[in-house]
Amino acid sequence: MATTTLWEEIVDALQAVNGGPHPGFRAVHAKGTVCRGVFTPTAEARKLSRAAHLQGDAVEATVRFSNASGHPRAQDSDPIAGRGLAVKFHLPDGEATDIVSVPLVVFFARTPEDFLELTRARVPDPETGQPDPERLGAYLAQHPEAGVALQKGFPKLAPTTSFATSDYRALHAFCLVDADGGRHWGRYVWEPEEGPEYLNEEQAAQAGRDYLQAEIRERLAEGIARFTLEFTLANDADPLDDPTAEWEGEHEVVELGELEVIEVVENAETPDTPLVFDPMRLTDGIEPSDDKILAARPKAYSVSIERRGEGAPRQ
């Protein structure tokens with residue numbers, strides 16, 4: 001009998017949290033809108049990294065805005081669901097590199113094992129529709145970093161007026177390597193041109209299930225959504241391998257470039273070509289940290305992709 005891997009257990013738990021499995025859909029970020037964009041780097045970006053998309057010339061990008069839930073019919077205004085922004089930069093050599101981001105300030109777990117335990121504690125009881133409060137409470141008591149992440153992140157997860165009026169963070173630390181081999185550690189942040197804008201209580205109560213998906217289509221039919229990619233440089237004392245730790249105090253922030261989201265792309269995926277955004281899909285000039293959650297993500301993604309292929313792909 002085949003042994004179930006940790007990555008399969010994680011995807012099993014994520015699907016259980018979201019009432020799944022939902023064949024043809026991602027285990028998380030199941031509902032989304034794929035768009036075409038253009039990324040133009042700044043002169044400062046080239047100084048920090050020799051990566052091909054940071055050398056000055058604009059590059060094409062594939063952008064996916066999503067509801068973070070694993071349920072394809074999740075309510076867009078549900079703060080528990082949150083949002084996601086994934087960007088694939090298409091490089092001159094035909095390869096690509098990705099940034100995957102969410103509004104959270106920090107992540108909930110330091111290791112894949114902790115994340116699995118937390119996810120299992122979030123699985124709803126069939127009778128109440130809510131997680132077992134004792135099990136979830138026990139986890140939070142043993143892992144105070146998860147409670148801190150919730151406290152810091154919940155205001156950021158509040159429903160925004162648009163995908164284009166939310167900020168997004170990649171959560172993990174990456175190293176930008178310059179042409180001379182100099183190394184610059186930091187974290188990515190996408191800042192919306194219009195700044196973050198949140199729905200009030202009345203607007204949230206009246207928002208349709210798919211209001212974010214509809215709004216971004218309407219917005220791009222009339223214009224362009226813009227984001228600035230910022231890189232918060234690490235100070236000497238900042239932990240590079242702990243996604244639950246917020247970097248506190250003053251930090252230098254460098255603008256790496258501007259993303260223009262131009263139009264919606266229909267039928268962006270086919271059964272043979274699922275669209276995958278992977279934060280470990282890196283290119284020369286960008287290196288990962290020793291963050292265990294970051295290292296685990298491609299393995300869980302592979303399980304999700306395989307299961308997604310069991311049904312018709314969705315955006």
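This is a predicted model: local features need pLDDT of at least 70, side-chain atom pairs count only at pLDDT 80 or more; totals for chains, interfaces and linings use all residues.
Close-up 1. The buried residues of helix 7 are Tyr211, Leu212, Gln213, Glu215, Ile216, Arg219 and Leu220. Among the elements that cover these buried residues are strand 1 (31-41), strand 2 (59-67) and strand 3 (83-90), together with strand 8 (225-233) and strand 9 (253-264).

Close-up 2. Glu145 belongs to helix 5, which spans residues 144-157. With a relative accessible area of 10%, Glu145 counts as buried, because that term applies under 20% relative accessible area. When its neighbours within four places in sequence are left aside, Glu145 is in contact with Phe108, Arg110, Asp114 and Thr244.

**Close-up 3. The packing of helix 1 with helix 3.** Two packed helices are described by the angle between their axes and by the distance between those axes. For helix 1 (residues 6-17) and helix 3 (residues 112-121), the axes come within 9 Å and cross at roughly 25°. Helix 1 is therefore roughly parallel to helix 3, since angles under 35 degrees are classed in this way. The crossing of helix 1 and helix 3 is left-handed. From helix 1, Leu6, Trp7, Glu9, Ile10, Ala13, Leu14 and Val17 take part in the contact, meeting Pro112, Glu113, Phe115, Leu116, Thr119 and Arg120 of helix 3. Sorted by class, this contact of helix 1 with helix 3 has 9 nonpolar, 1 polar and 3 charged residues.

Conventions: Residues are numbered from 1 along each chain as its sequence is written. Side-chain values use heavy atoms; hydrogens and water are left out. Buried means under 20% relative accessible area, exposed over 50%, partly exposed in between (1.4 Å probe, protein chains only). Helices (H or I, at least four residues) and strands (E, at least two) are DSSP runs, numbered from the N terminus. Contact means heavy atoms within 4.5 Å. Axes are lines fitted to C-alpha atoms, for helices over the stretch in contact, and angles run from 0 to 180 degrees between N-to-C directions. Angles under 35 degrees count as roughly parallel, over 145 as roughly antiparallel, 65 to 115 as roughly perpendicular and the rest as oblique. A crossing is left-handed if the near helix is turned anticlockwise from the far one by less than a right angle, and right-handed if clockwise. Ala, Val, Leu, Ile, Met, Phe, Trp, Tyr, Cys and Pro count as nonpolar, Asp, Glu, Lys and Arg as charged, and the others, Gly among them, as polar.
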